Each structure stands twice: as structure tokens, then as C-alpha cells.
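These are my notebook entries on one protein model. I record what I looked up, entry by entry.

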Amino acid sequence: MPDAKLSAARTWALACGVALLGACSSTPKDPTAGWSPNRIYAEAKDELKAGAYDKAGPLFDKLEGRAAGTPLAQQAQLDKAYAQYKNGEPVLAVATLDRFMKLHPASPALDYALYLKGLINFNDDLGLFGSITRQDLSERDQKAAKESFESFKELITRFPDSKYAPDASARMHYVVNSLAESEVHVARYYYQRGAYLASINRAQTAIADYQGAPALEEALFLMMQSYDALNLPELRDDARRVLEKNYPQTPYLTQGFKSKTQPWWKLW
């Protein structure tokens with residue numbers, strides 16, 4: 001009887017071993033194992049063009065490793081960042097670009113890296129450069145907008161003749177306007193709740209930091225109204241004079257606050 005039990009145990013052990021070997025043999029092989037770097041790049045670009053960003057990214061990752069130290073590896077990094085961006089992975093995309101810029105500070109594609117980093121933080125599906133929406137950058141997290149501005153600013157400063165510079169400049173202008181509107185948005189919030197001093201402080205910040213932005217017209221009106229609510233007629237009149245001088249056709253003095261049924265940037 002013990003021999004029968006021992007035999008059964010050996011049979012079980014053998015079966016388990018066969019099963020494990022079978023599992024090991026079923027491990028998927030890398031289909032790109034025998035591919036040349038150029039073939040990997042061509043396949044990755046095809047996936048990118050087809051919008052299969054989740055497939056393109058890993059291929060560029062493989063290419064970066066196999067073609068290390070070559071211009072093709074550098075291009076793979078940039079393309080991988082773009083694929084990550086389009087695949088809804090902005091954090092990974094920015095990290096890839098930061099690594100690229102650290103490893104290749106003299107790369108001729110550095111202007112593109114800065115532009116793409118700015119574009120990712122810009123959230124270009126909003127505002128003047130995207131689809132019609134009721135939400136704009138002024139109502140979103142401003143950290144990304146500021147980082148976007150800094151990337152575009154570095155691009156324009158270091159590479160003024162870059163083909164990406166004109167678009168970066170336009171986006172910088174939009175970001176500045178959105179940051180000013182963000183301050184005015186908060187100032188308006190405080191005013192509507194009777195926190196007039198807080199409203200004045202935020203309006204003054206917008207005026208000091210974002211000269212020339214369209215939102216400053218409302219900032220001055222908010223200051224004027226807040227000073228009036230605080231029974232400070234001299235400061236109220238000073239704010240009114242500045243408003244009339246800078247915006248002689250301002251509708252605020254006759255119509256009050258504008259309706260917010262459209263985004264602030266929509267000018268038509």
C-alpha cells in the first residue's frame with residue numbers, strides 16, 4: 001500500500017512538472033526579436049499614423065534600447081513622448097521629454113522637445129486652439145498653464161527662428177490671458193460673496209502681473225465696485241478714472257458685469 005501511495009505522489013509530481021514546463025513554453029515571444037532598428041521604427045511610425053498610440057509607444061521604447069547612442073534612438077524618445085501624449089499619458093510624456101533634454105542638451109530637435117512639452121501642459125483641446133467648450137484654462141489648474149508658458153518662453157528665447165516659435169508665441173499670449181482671467185475669476189467670486197477686500201487684492205494681482213490682458217478691464221471694474229461697497233469714494237473714483245482712461249468704450253460702466261454664457265476668450 002505505501003508503494004501505491006508513493007507511486008501516486010510521483011505521478012502527481014511529474015504531472016505538475018509537465019504543467020510548469022508547458023506554462024514556461026507558452027510564454028509569449030518578442031515578435032520584434034529579429035527585427036532591425038529601421039524595421040522597428042517603420043512599424044512604430046505606422047502604428048502612430050494609424051492612431052494606435054498604445055502600440056506605438058512600446059515599439060519606440062524597444063527601439064530606444066536597441067539603437068542606443070544613435071540619432072534613431074533620440075528620435076524614438078521624441079516619438080514615444082508624442083505617443084504617450086496622444087494616448088492620454090501626459091505625466092509620462094513630460095517625463096520622457098525631460099529625460100531627452102537632460103541626455104541631449106545639444107540636440108537639434110531640442111526646440112521641438114520644448115514645444116511638445118509646452119503643448120502637453122497647454123491642454124490644447126481647450127480655448128482658441130481647440131473645440132468649442134464652456135470651460136477654459138482660467139477655470140482649471142493653473143500650474144500646468146504656468147509650466148506651459150515657461151516651456152514656450154524657453155523655446156522662443158533659445159530658438160527665436162524655430163518653426164515652432166510663432167505658434168508658441170500665440171499660445172503664450174493665450175496662457176497669459178488665461179492666468180489673468182483666473183485671478184479675475186477669483187476676484188469676482190470674492191466680490192459676489194461680499195469679501196470686498198479679498199476681491200480688490202486679487203484684482204490688483206491681475207493688474208500687476210498680467211499687463212495688457214483683456215481681463216484687466218473687469219479687474220478695474222471689480223476694484224471700483226468693491227471700493228464703493230467699502231464706502232471708500234476716493235479710491236473708487238481713482239479706479240474709475242483708470243478704467244475710463246484705459247478702456248474709454250468700456251461697457252462695464254453702463255451694463256455692469258458681462259454674461260458668462262460664453263468662454264471669456266470667444267471674441268466672435
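Predicted model: local features only at pLDDT ≥ 70, side-chain atom pairs only at ≥ 80, totals over all residues.

Residues are numbered from 1 along each chain as its sequence is written, and side-chain values use heavy atoms, with hydrogens and water left out.

**Entry 1: overall build**

I looked up the secondary structure, where helices (H or I, at least four residues) and strands (E, at least two) are DSSP runs numbered from the N terminus. The protein has 12 helices and zero strands. I then asked what share of the 268 residues is buried. Buried residues make up 39%.

For surface area I used the Shrake-Rupley method with a 1.4 Å probe; for residues, only the protein chains shown count as cover. The accessible surface of the protein is about 15600 Å², and 55% of this belongs to carbon and sulfur atoms.

I also looked up contacts (heavy atoms within 4.5 Å). Of the contacts with a separation of 6 or more, 57% are between residues 24 or more positions apart.

**Entry 2: salt bridges**

Side chains of opposite charge can pair when their charged atoms come close. I counted a salt bridge where a side-chain nitrogen of Lys or Arg is within 4 Å of a carboxyl oxygen of Asp or Glu. How many salt bridges does this rule give? The count comes to 15.

I returned to Glu183, which forms a salt bridge with Arg202; their closest N and O atoms are 2.7 Å apart. The pair links distant parts of the chain, with Glu183 in helix α8 (residues 165–192) and Arg202 in helix α9 (residues 196–209), 19 residues apart. Arg202 counts as partly exposed, because its relative accessibility is 28%.

I next examined Arg99 and Glu64, whose side chains meet in a salt bridge at 2.4 Å, N to O. Arg99 is in helix α5 (residues 90–103) and Glu64 in helix α3 (residues 53–66), so this bridge ties together parts 35 residues apart in sequence. Is Glu64 buried or exposed? Glu64 counts as buried at 11% relative accessibility, whereas Arg99 counts as partly exposed at 40%. Both residues belong to a network of salt bridges that links Asp61, Glu64, Lys80 and Arg99.

Lys143 counts as exposed at 52% relative accessibility, and Glu147 counts as partly exposed at 31%.

**Entry 3: a buried serine**

I stayed in helix α7 to look up Ser148. Ser148 is buried, since its relative accessible area is 0%. Which residues is Ser148 in contact with, leaving aside its neighbours within four places in sequence? They are Gly118, Asn121, Phe122 and Val175.

**Entry 4: aromatic rings**

A pair of aromatic rings is described by the distance of the centres and the angle of the planes. I counted rings of Phe, Tyr and Trp (its six-membered ring) as paired if their centres lie within 6.5 Å; planes under 30 degrees apart are stacked, over 60 edge-to-face, and the rest tilted. The structure holds 12 aromatic pairs. In one of them, the rings of Tyr82 and Tyr85 have centres 6.2 Å apart and planes at 70°, so the pair is edge-to-face. These two residues are about one helical turn apart, because they are three residues apart in helix α4 (residues 71–86). Tyr82 counts as partly exposed at 27% relative accessibility, while Tyr85 is buried at 15%.

I looked for a charge over its ring, meaning NZ of Lys or CZ of Arg within 6 Å of the ring centre and within 35 degrees of the ring normal. Arg171 lies over the face of Phe122, at 4.9 Å from the ring centre.

Terms used:
Buried < 20%, exposed > 50% of the residue type's maximum accessible area, 1.4 Å probe, protein only.
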